[in-house]
Amino acid sequence: MWLPNERVEQMKIKNKIKSFSCAIRRVITCTVFFSTIMMSHQALSEEFFANETTKDSAALKSVSTVDNSIANDIEQLKKEVMTLNRELFILEEDLLFPASTQVSVFVSVDIGRFFTLDSVELKLNNEDVAGFLYTKRQRESLEQGGIQRLFKGNLKMGQHQITAIFIGLDQEQRTVKRAITHLFEKEDDAVMIELKVEDNTRNLQADVHVEEWSL
Amino acid sequence: MQLTVTKRLFFNYIIHAVNVRKKVTRSMLISSLIYRYFLATTCCLMVLLFSFLTADKVYAKEQLSKPTQLLPSQLSEKFYRQALYFYFQNKPDEALRQLTINQDYFSKTPVHESLFTAGLQISQGLHQDAQVLLEKLSLTTDLAKTSDDNILMQKSDHSTIESNLKKEALKVIVFLELAAQKIAEQNLSAAQTVLANITSLPEQYQAQYYVMQQLIAWPQKPDTDKFMLDKVSKTRLESLISESNNGLVTQHNSTAYILLNEALREMNQQEFASAEGKLKRLQVFTWQEEKGNFWQQLFADKTSGNQLLTGLKQLEQNGINHYAQLLLAQLYIEQGLFQQSYQQLEKFPKDTPFTEQALFLFGYSAFKLQQYNIAEVILNTLITQYPYANFTQQSWVLSAQQYTAQNQLNKALNRYLQIEEYYQTKQHELSEFSKALTAQKDLLFFYRALNESNEGVEVNNTTDKVSSDNSINEFWLTLSLRQTDIANLYQQLQSVEKLAKQLQAQQNKSHWLASTIELNVARQTTIRDKHKSTNYEQLLSKLLDKKDQLAILLGKAKSLGDGKLFADKTKKKLLTRIEKSQSALAFIEDNSQGSPSIQAYQHRLSRVEGVLAWQLQQEFSTRYWQTRQSLNVLERTYNNTLQQYKQVDELLAQHSPLPLLSAKHALIANKTTSSQSKANQLKTRINSKLLANINLFIENEHIKITEFLLFNQRAMANIIEKLNQQEAL
C-alpha cells in the first residue's frame, strides 16, 4: 500500500491539491473539511489516548480569539495606501502631462479573428514615439475588451499627425501590416486617440479605425 | 505550402505545353490553339504565382480618416475598459485605481462598473468599502428595478429583463465572495450579515449559498426559515437540499460539499446510518464539467488566475472521494466495526493528502483485529517515515501496546524507553525553538527562512526528516501555524509588511516628484530672470531696422535696376577705386592741357568700369532674388520672435500650477510618512501578539508532552512490574 521512496511524488500531489483547493472558491469548505478531519482524527487519537491515560487536558491554556481591531487597522492602512497611490498617480500626471499638452494613444481590438496582433509601432509627426510587442496574455486582454494605453506624451498646440503600424498574422498565418494615419488638432484639452483594430467581415480582413475621445 | 503546389502546377503546365508543341506536325490549327491556350494559361498562372508570392510579403494599407467624437457615457465605458485591461494583466490594484479615477471624472457610475469595483475591493481586502458600495448599490438597483419594472410594464423589453437578471446575479456573486472571505477570517457573524443581503438567489449559486450557511451554523444544521430569501428562491433551495439528502445531485458540483458537510454533522451527532449512506455516495461521486464565468473568476482567490484546469478538477474529485472513504473508515471505527474499516483502508490509494491518517487508522484496525504483523509494519512505517506527523506519537504508543498484547514485554519495554527518548527530544526541540524565537524579534524571518529552504515544497510539510536546528525551528513554527489564530496573525503580518514595502516605493516616487517640481520651479525662475534681464524691445527694433533697410534696398533696385546696388565688398572697393581714379584723371586733365595719355587712361578706366558694371548686371537678378528671400526670412523671424516674446510674457504673467502641485505633494508626503509610522506600529503590535500566541502554543505543547511522558512512565512501570512477576514465577 505504501512505499517510502514515493514520498516526493505524494508531496507533489498534495501540493497540487492544496494549490487547487486555493484556486477555487470552495477553498474555505475544503479547508474546513480537511481541518475537520484532522480534528476528528486528533480527537479519535486523543480518545484512544484518553483510555490509556488518566490525566485530562484541562491544563492546556486557551489562545486568544481573532483580533478584529488589527484586521480593521490593516484594512484602514490598505485603504490609505491605495488612496495615496491614486493621489501620487494624479500628481505625477498633472506634473508631467498637463492637460494643455497631454496626448494619449490607446489600442483596442474587436474580436481579432482576421488579425492576430503581434506588435505596433507609433509615429508622431513622423518620429517614432512608441512600440509594443504583444504577449499572448496581452493580446487576449485586448480581445476580451480591454483598452491599452499605448502612449502618453506632450504636444504643442496646433495640427499634428499620428501614424500607427500594426503588425500581425492573418487567418492563414501570413504576416500582414495594417497602417493608419490620422491628423488631429491639439487644443487646450487633453487629446485621447483610440486606435481600433476591427474585423471586417466583408473582406475577411482587419481594419484600423480612429476614434478621438473628449472629456 | 500553397506556393509549392502552385509552382508544381505551373511546371506541370509547362511540361504539358512542351508535349503539346511536340505534336505541331500533326495539325497546325490544333497546335496554334494549344499554343494560345498555353500562353493564356501561363499568363494566368504567372499572375496567380505573383499574387501568391506577394501574399507572404507585407500588405500595408494607409488610411486617412476623420475622428469620431464620443458621448460622455461612451467615454465612461472606454475608461472602464482600461481598468479591465489592467485586471487582465493581473494588476488588480491598478484596475481599482483606474476605476476610482473614472468615478472622479464621471458623476454616474454604471452598475456593472460598481460591481467590478466591489469585486476588486474584496480581492484587495477592502471589505468595508466593498460592503458600503454594495449596500449603496442594493438601494440604487432596487430603485432602478422598480422604475425598470414600470418601463417593462409598458414596453416589455426583453433585453432589459435579461440585463437586470445579470446584474442581480453579479450582485449575488459579490456578496457570496465577501461572505466567503469573512468565513475565512472566522468572522461568522459578519458572514451571516453579508449573506442576509441576498434575497433572490439564482439557481447556479444555491449550493454555494447553502454550503456557506452550513459553515456558519456548524455544528448545527442551518435553519432555512431564517434565510432572508424570497419565496421562490427558498422553495428552490429547499428542494435542492432534500434532493441532495436523498441522492447525490450532480448538476452542481457544490452539492457534493453539502452532502459532505451533512455527513460530517451526522457523524458528530452519532447518526451513523444516515452518514454512512451519504459517504458511500460521495465515495463514487464524479465531477461534472462546470465552467466558471468571468465574474466568478474575478472575485475568486488571486491564485486562481483565469484557469480552472480539468486535471485539477479531477484532483479535487479524487480528494472528495478519498476523504469520504477515510471518513467512512473512521465511522466504522467509531462503531467498533474494525473489519469494515480494515476493508475500506486496505484499498485506500497511496497518493492522497490523507495517506498519513489512513495509515494510522489502518494500523489501528489491524491491531484491533489482532493482525499484529500488518499492524507492526504499518506502525513502524509511520514511526520511521513520518517522525513529525500528527499520528507518530500515537503510533509509538500503539506499537508498545501491541507488544504488550502479544506478551513481548521486553520489546514493549524497549519501545516505551524509545518513546521516552522521543518525548525528551521533543521537549528539548521546543525549548530551543522558544529560545530562537525570543532571540529573533522579526517573526517574518522564520517564515522567510522556511520559504527559502522549502523552495517548491509545501509550507506545512511536517513529515520530512528534519536535520538541522534551523529546520527543527521551521518545523515547530509550521506546526504552530496550524493554529488558526497564529496563522491569521502571520497573514496579517505579511500584509502589513507588503503595505510597508508599497509605502516605501510610494515615498521614493514622492521624492522623485519633489525633485521634478523643484527642477521645474528652477527652470521657470531662470526663464523669468532671463526674460527680465534681456532687452527684447531693443533686439526687436534692431531687427525691424534691418528689415526696413532691406526693403528700401529692394525698392531702389526694383525702380533703378542698377546692379551696383548689390555689389559685394570687393566690388564696392573696385567701384570706389574707379571713382577715385576718375576724379584724379579729371583733375590731371584740367591741369595738363589735353595730354593724349590721360585720354588713354580714361578710356581704359571706362572699359574696366564697363566690365564691372556688366558683371554686376549679370548677377543682378540672382542678388535681387536672394535679397528678397532674406527679407522674407527676416520678416518671419521678426514675427516669430515677436509672437514668442508675447507668449513668454503671457506665460510669465499667468498663475503657475507649480506652487499648487508642490502643496499637493507636501500633503501626500505627510500622509505617506504618517501611514509609514502606522504600518510600523501595526507591525510591532502584530509581532508581539504573535510572539505571545506562539509562546502559548509552546507552553501547551510542553504540558501535553509532560502528560504523555507521565503516561509513558506509568505504562513502563506496569511492564517492569509484569516482567518482575514473570521473573518471580
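Author: In chain B, among contacts with a separation of 6 or more, 67% join residues 24 or more positions apart. The model in which this is found is a predicted one. Chain B has 729 residues, of which 28% count as buried. Its secondary structure consists of 26 helices and zero strands.

The largest nonpolar core contains 158 residues, and the residues with the most contacts inside it are Phe175(B), Ala179(B) and Met212(B). Helix 26 of chain B, which spans residues 658-728, supplies the largest share of this core, namely 11 residues. When residues up to four places away in sequence are not counted, Met212(B) touches Leu176(B), Ala179(B), Ala180(B), Ile183(B), Ala191(B) and Leu195(B).

Most peptide bonds are trans. The bond from Trp218(B) to Pro219(B), however, is cis, with omega near 5°. Pro219(B) belongs to the loop between helix 9 (206-217) and helix 10 (231-246) of chain B.

Next, consider how two helices pack within the chain. Helix 16 (residues 355-368) and helix 18 (residues 392-405) of chain B have axes that come within 11 Å and cross at roughly 15°. Angles under 35 degrees count as roughly parallel, and helix 16 of chain B and helix 18 of chain B are therefore roughly parallel to each other. Their crossing is left-handed. On the side of helix 16 of chain B, the residues that meet the partner are Phe360(B), Gly363(B), Tyr364(B) and Phe367(B); on the side of helix 18 of chain B they are Gln394(B), Ser395(B), Leu398(B) and Gln402(B). Sorted by class, this contact comprises four nonpolar residues, four polar residues and no charged residues.

A second pair of helices leads from chain B to chain A. From helix 3 of chain A, Met82(A), Asn85(A), Arg86(A) and Phe89(A) meet Leu96(B), Arg97(B), Thr100(B) and Ile101(B) of helix 4 of chain B. By class, this contact holds four nonpolar, two polar and two charged residues.

The partner chain deserves a description of its own. Chain A has four helices and eight strands. Read from the N terminus, its elements follow the order α-α-α-β-β-β-α-β-β-β-β-β. Of its 215 residues, 27% count as buried. Among the contacts in chain A with a separation of 6 or more, 62% are between residues 24 or more positions apart.

Leu155(A) lies in the loop between strand 4 (148-154) and strand 5 (158-169) of chain A. Its C-alpha atom is 9.4 Å from that of Phe97(A), although the two residues are 58 residues apart along the chain. Apart from neighbours within four places in sequence, Leu155(A) is in contact with Thr101(A), Val103(A), His160(A) and Lys186(A). Leu155(A) counts as partly exposed because it has 16 C-beta neighbours inside 10 Å.

Most residues other than glycine have a negative phi. Asn125(A), by contrast, has a positive phi near 50°, and Asn126(A) has a positive phi of about 65°. Asn125(A) is in the loop between strand 2 (116-124) and strand 3 (127-133) of chain A, and Asn126(A) also lies in the loop between strand 2 and strand 3. Asn125(A) is exposed, since 11 other C-beta atoms lie within 10 Å. Asn126(A) likewise counts as exposed, with 8 C-beta neighbours inside 10 Å.

Conventions
Residues numbered from 1 in each chain as written. Chains lettered and ligands numbered in written order. Predicted model: local features only at pLDDT ≥ 70, side-chain atom pairs only at ≥ 80, totals over all residues. Core = buried A, V, L, I, M, F, W, Y, C linked by C-beta atoms within 7 Å. Buried ≥ 20, exposed ≤ 12 C-beta atoms within 10 Å, placed from the backbone. Contact = placed C-beta atoms within 7 Å. Axes fitted to C-alpha atoms, helices over the stretch in contact; angles between N-to-C directions. Parallel < 35°, antiparallel > 145°, perpendicular 65-115°, else oblique. Left-handed = near helix turned anticlockwise from the far one by under 90°. Nonpolar A, V, L, I, M, F, W, Y, C, P; charged D, E, K, R; others polar.
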